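Dear colleague,

Please find below the structure that I am handing over to you. My notes on it follow directly after.

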Amino acid sequence: MHTLLLLLLLFTDQTTQPTKQPVDEDVEVLSAYLTGHFSSAAQAEGDPSYFDVHLRAVPIWGDRGDGPWLYVEQAIASALDRPYRQRVYKLSVDGDQFRSDVYTLPGDPLQFAGAWREPGRFDDLQAEALTLRAGCGIVMRFDGDAFVGGTVGRGCESSRAGAAYVTSEVRLTPTQVISWDRGFSDDGTQVWGAEKGGYVFDRITD
């Protein structure tokens, strides 16, 4: 993992929030890759079948020793104040395998819309109040300069738009987050999600 540690040293800047408890350096690299402001505007401009989506992720609960934890929200560019997806990710590592467990927020998640501006809004929220999306965790390995992986099998259940389960595939680099979420019916027919490939989110600077 020496390559990962070197990448962490090269990549650490204002996009990374320090934590009060020491965590594994390799997980910090993963956290740095995910943290920031990303946009699929370039992809949407070249292919109208994709939307212009903004993705923002910020570290929260930096004083916990079981993280990193990230608040993540996605919103269409024309409705940034009403994100369509809000999640909390818990990152971990076991040997050369990395994991991002996915949690939903309690109550109306829109109460946390825009909380990437003020991560301290989560200070009064306990991790125990979150709901784990069982089977929806992302398992990754580091390959070259990217974290690559996805969900496992059909374990991420869903009832959205006639789907029975969801799959997610990801590729994370220092400058991009590529994410391909798709819903499938019981017989394996895709019922929602991009058909050509994942959304390409380019890192941008506010």
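**Findings**

The protein chain contains three helices and twelve strands; helices (H or I, at least four residues) and strands (E, at least two) are DSSP runs, numbered from the N terminus. This is a predicted model, in which local features need pLDDT of at least 70 and side-chain atom pairs count only at pLDDT 80 or more, while totals for chains, interfaces and linings use all residues. Residues are numbered from 1 along each chain as its sequence is written, and side-chain values use heavy atoms, with hydrogens and water left out.

Of the 206 residues in the protein chain, 48% are buried (buried means under 20% relative accessible area, exposed over 50%, and partly exposed in between, with a 1.4 Å probe and protein chains only). The accessible surface of the chain comes to about 10,600 Å², and carbon and sulfur atoms account for 50% of it; the areas come from the Shrake-Rupley method with a 1.4 Å probe, and for residues only the protein chains shown count as cover. Among contacts (heavy atoms within 4.5 Å) between residues at least 6 apart in sequence, 49% join residues at least 24 apart.

Helix 2 spans residues 25-34 and is largely enclosed by the rest of the structure, because nine of its ten residues are buried. Among them are Asp26, Glu28 and Tyr33. Glycine 36, which follows helix 2, has a positive phi near 140 degrees.

Two aspartates deserve a separate description. Aspartate 181 lies in strand 10 (residues 176-184) and counts as buried, at 18% relative accessibility. Its side chain makes a polar contact of 2.6 Å with the side chain of arginine 85 and another of 2.7 Å with that of serine 168. A polar contact is a pair of N or O atoms within 3.5 Å; within protein, one must be able to donate a hydrogen and the other to accept it, and residues adjacent in sequence count only if both atoms are side-chain atoms. Not counting residues up to four places away in sequence, aspartate 181 also touches Thr167, Trp192, Gly193 and Ala194.

Aspartate 202 belongs to strand 12 (residues 199-204) and is partly exposed, with a relative accessible area of 24%. A polar contact of 2.8 Å links its side chain to the side chain of glutamine 176. Beyond residues up to four places away in sequence, the residues that aspartate 202 touches include His37, Phe38, Ser39 and Ala42. Glutamine 43 is 159 residues from aspartate 202 in sequence, yet the C-alpha to C-alpha separation is 9.0 Å.

With kind regards
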